Structure formats: structure tokens, C-alpha cells
Amino acid sequence: MKSQLSFLKQCGSFRFDIMAIFERFTRLKSASRVLQYTTALCPAHSWAPKRGPLLRSAGWIQHRCAHGERSEASSAAPPRRPFSQVTPADLDFFRQLLPGRAITDPDVLESSNVDWLKSVKGNSEVLLRPKTTDEVSRILSYCNQRNLAVSPQGGNTGLVGGSVPVFDEIILSTALMNQILTFDSISGILTCQAGCVLESLSQYLEEQDFIMPLDLGAKGSCHIGGNVSTNAGGLRLLRYGSLRGTVLGLEVVLADGRVLNCLATLRKDNTGYDLKQLFIGSEGTLGVITAVSILCPRKPKSVNVAFLGCSSFQNLLETFQACRGMLGEILSAFEFLDASCMSLLEKHLKLTNPITESPFYIVIETAGSNAAHDEEKLHNFLEKVTTLSLVTDGTVATEEAKIKALWSMRERITEALRQDGYTYKYDISLSVEKIYDLVTHMRERLGDRAKNVVGYGHVGDGNLHLNITSPSKDPALLAAIEPYVYEWTSQHQGSISAEHGLGLKKRNYIYYSKTHEAVTLMGNIKAMLDPKGILNPYKTLPDDIC
């Protein structure tokens with residue numbers, strides 16, 4: 001079948017070229033198991049690597065607990081710390097403070113005790129739903145005095161067990177803290193409460209001719225406070241940068257109930273330490289974010305999405321180089337998925353591949369202010385990569401419904417993986433030219449022990465999402481994956497968590513990406529801000545620090 005992009009070499013009219021690509025679009029159509037983490041079989045050990053500033057050897061990994069391999073014990077929960085347990089007197093206080101919003105109904109609590117992947121399950125008996133910063137302050141002040149552990153929770157869309165209790169911690173939900181406080185249409189600065197759902201903020205801003213600088217597949221559920229506390233990356237990072245740059249200010253309640261008001265709306269403020277950065281990416285372990293001010297870009301007047309096929313990852317990388325050079329300022333996203341991802345989308349979600357079958361697929365989004373200018377740049381780019389045989393087939397969309405349909409091929413991969421069996425998820429950052437090497441390597445290493453080994457992610461910032469599935473939880477398979485996958489990443493100067501955080505599951509693997517000195521300093525900061533350790537315990541920091 002003749003490639004749908006080959007006409008770009010032959011037709012003089014760009015308008016005709018784009019419409020011809022659109023015709024291809026008509027083909028596009030729009031059992032997880034619960035694992036409850038239990039107490040580790042043996043006490044935590046100090047197991048930080050001793051060789052060099054970063055781990056570069058697998059020697060220390062061979063350390064084993066008395067009852068099993070370190071890889072299994074490392075992600076399991078440590079023993080419960082000596083926090084107080086909730087008493088009737090505590091419930092009376094919470095009910096008086098939050099009439100009708102101190103929940104103890106087990107049926108209501110069920111969904112808040114289990115993470116989105118249904119891989120971690122806590123046993124909290126209390127769910128608190130404050131509406132104001134003052135209520136959060138009074139809750140934390142009381143819990144700190146009573147030594148009651150607290151698990152802050154936003155939309156509960158995290159993938160590393162960081163958003164649910166491990167034992168009986170009180171769940172502090174920001175779901176009712178969902179008010180937009182101010183929006184400056186001149187500067188584009190939005191100030192809102194932490195419980196605002198990302199998609200709701202996006203819809204509000206689009207009515208003001210602006211957009212959020214952050215876009216995620218979980219945007220319909222995730223909260224902006226959770227996005228900030230995990231330093232979520234997402235699909236627009238290539239264009240607008242990380243939250244460390246776009247977040248201008250935060251309001252945070254500390255463990256003892258003090259309110260830290262750093263809710264600035266200034267793009268420049270060089271007075272002393274930038275304290276908000278402590279809380280961005282801290283996963284709720286240093287304070288509870290209650291409000292955010294964030295810089296929002298203007299809504300682009302012209303958006304195009306191209307879905308392209310490549311015959312090799314090398315061709316994909318060369319396409320990325322050409323894309324950055326030729327699309328420049330209008331390039332907003334460059335995502336990839338492999339053929340295995342496409343197979344899962346087709347099998348489990350009944351999505352239809354809009355182009356000819358390829359080993360790799362690319363989703364490119366452009367966003368600009370001049371449709372004719374953007375179309376011309378996109379045309380020139382497509383013509384070049386087709387002429388060089390870097391791209392074998394493709395389709396382009398400009399209409400909103402068709403754009404969403406193309407994006408679904410990338411955004412719904414996680415959903416398809418959930419239906420494929422038990423999923424081992426890894427969020428890795430590497431130099432761009434190496435990000436798919438790990439997928440290939442793990443396929444060779446695991447062979448038929450794994451049901452599927454797939455790779456997708458953000459090429460623009462070197463972020464690979466490696467996912468490995470099996471029919472059910474398989475300890476032998478896990479032992480073959482971990483900690484080897486982290487060792488490989490460390491040896492190639494990567495990070496074991498690009499955007500998902502460490503949470504419960506990865507806390508003890510932090511030394512693969514950070515030095516012992518750095519982790520010790522993190523522990524010192526935690527001890528200073530939360531000396532009793534009540535905020536999101538058992539998360540982010542390794543057991544030998546906590």
C-alpha cells in the first residue's frame with residue numbers, strides 16, 4: 001500500500017496535502033489484582049552504597065534479608081512506627097471541626113485506602129475532608145500534638161504508593177479544597193486551592209483564552225496540589241518546562257500546623273531562599289500544600305497533532321532532531337510508543353491504529369498563534385522526514401475531536417496495561433539516545449518469563465515508561481527485574497524516577513540516583529520540618545534515614 005505521506009513529494013498545494021492526510025483519519029475510532037503491602041519480614045537495614053558518589057556496582061545489591069531478597073523487602077512496608085491510634089476523643093474533635101466531613105464509613109473509606117493501580121492497600125479508619133487552610137492547620141496541629149500519622153491525598157492517581165496510607169494513618173483529602181482564588185488575565189497567573197482538578201482548571205482557563213502549562217493522562221482526576229507535591233511532568237514539559245519553573249508560589253501547612261505563606265504571584269523574587277522548592281516533589285512528607293499560584297501560557301490559536309510511524313528507534317531519534325530544528329517555537333510535545341503498546345491498545349481497548357503498522361509511533365503536537373505559518377512549518381517538516389524515509393506513514397489532525405482521538409493512542413496506554421495483567425511499572429530518565437535501550441535489554445533478559453515488555457514516554461525530556469506485565473504477581477519475575485533495572489539505569493547515569501516520585505515502592509532505591517550525603521541532608525530537612533515524622537510516613541526517604 002502506498003504510504004499516505006508519499007503525496008507530500010508530489011503535490012504542490014499544502015492545503016491539498018493536509019486534507020489528503022485527514023482522509024486517513026477516518027479509520028481511527030474513538031482485572032487488576034489487589035496487593036496489600038504488609039509489614040516487612042525483617043527490620044530495615046542501612047544499605048546505602050559505599051562505593052563512589054553514585055552507585056556503579058551491583059555488589060552491594062546482593063545483600064539479602066533473612067527471609068528473602070532485598071528487592072522484595074525494599075518495596076514492602078517497614079514495621080509500623082509508634083504513632084498513636086485514633087480514639088473516640090479524637091473522632092469527637094474531628095467531627096466538631098469538620099461537621100459531616102470526618103468520614104468513618106468503611107465503604108466510603110475503601111476507595112481512599114487503595115491506590116489507582118490497586119497494588120497498595122492501607123487500613124485507615126478516618127477520612128478528613130477540610131475546605132480551608134485553617135481547617136488543615138487545626139487538623140495537623142492536633143495530630144502533631146497527639147502523634148497521629150497523616151496521609152495527605154489528592155486525586156489518588158499516583159503510581160508508586162505515595163498517595164494512600166500504609167497502615168492506619170489518617171487520610172487528609174484535599175478534594176473539597178477546589179476553589180479558584182484569583183486569575184490575572186494580564187500576567188496569566190492563576191491562584192487556586194490545592195484540590196482543584198487539573199482538567200477543571202484547564203477548562204476554566206480556556207474560557208479566559210489561556211491554558212495550564214501541565215497536561216497529564218490523569219487530568220480528569222488528579223489535583224493540582226498532588227501534581228505539585230510530586231513534581232509531575234506530563235505531556236507539555238517540552239514546551240513549557242517543569243512545575244519547578246511555572247509554579248510561582250505555594251501555601252503550605254507544616255506538620256505542627258503552622259501556615260507557610262509563600263503564595264507569591266511574582267515572576268521575579270530573589271529575596272533569600274526559594275522555600276517553595278522544598279515542597280515541590282516532596283510527596284507530602286514536608287508539608288501539606290493548600291494553595292498554588294502558577295504561570296499559565298496563552299491558549300494557542302492553532303494546534304496540529306501528527307501521528308507518525310517509524311521503522312526503527314534510530315529513525316525516531318533523527319525525526320526528533322529534525323522536528324526540533326524545523327518546528328522550533330511551535331513544538332509542544334514529542335511522544336513515542338512502541339508496537340507492543342499499540343497491540344495492547346488494539347487488544348484491550350479496541351482502538352484502531354490510524355496508520356500502517358510500524359515498530360514505533362510518534363505523537364507530535366504543534367501549538368502557535370498563526371495557522372498558516374504553523375501549517376507551512378509542519379508541511380516542510382513532514383516533507384523532509386518523508387523524503388529521508390525517516391517516517392513511513394502518518395496522519396495529521398487539527399479538529400479538536402480528532403486531536404483527542406490521536407492523543408488517546410498515547411494517553412490510554414496505562415489503561416490498556418491494567419487489563420493485560422499484573423504490571424511492574426518503571427519511570428526512568430536517561431539521555432535521549434539511550435531511552436529505548438533499556439526496553440530492548442529487559443526483553444532479552446526476561447524472555448518468556450514476562451507476558452509483555454513495553455516502552456513509551458516523553459522523548460523530548462528523555463523520560464521512558466518501562467512496563468512489564470505478567471498474568472499475576474510473580475516474585476521470581478520481580479527478582480529478575482529489581483534491582484537490576486535500577487542498577488542498569490544508574491550505570492547509564494539516569495534517574496530511577498523521572499516524574500512519578502518514590503512513594504512507598506521506590507523509597508529504598510533512592511541511592512541509585514542520589515549520593516549518601518544528599519539523602520542524609522534530605523533526612524535532616526525532614527527532621528527539622530516534621531520532627532515527629534507524622535506526614536506521609538514510610539514514603540520517599542529510605543528506611544535507614546527514617
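Visitor: In what order do the four strands form the open sheet?

Guide: This is a predicted model, in which local features need pLDDT of at least 70, side-chain atom pairs count only at pLDDT 80 or more, and totals for chains, interfaces and linings use all residues. Residues are numbered from 1 along each chain as its sequence is written, and side-chain values use heavy atoms, leaving out hydrogens and water. Helices (H or I, at least four residues) and strands (E, at least two) are DSSP runs numbered from the N terminus, and two strands pair if DSSP finds at least two bridges between them. The pairing in this open sheet is mixed, and the order is 3-4-6-5.

Visitor: Which residue of strand 4 is the bridge partner of isoleucine 103?

Guide: Strand 3 and strand 4 (residues 127-128) run antiparallel and are joined by two bridges. In strand 4, the partner of isoleucine 103 is leucine 127.

Visitor: At what angle do helix 3 and helix 5 pack?

Guide: Angles are taken between N-to-C directions, from 0 to 180 degrees, with axes fitted to C-alpha atoms, for helices over the stretch in contact, where contact means heavy atoms within 4.5 Å. The axes of helix 3 (residues 88-97) and helix 5 lie 11 Å apart, and the angle is about 170°.
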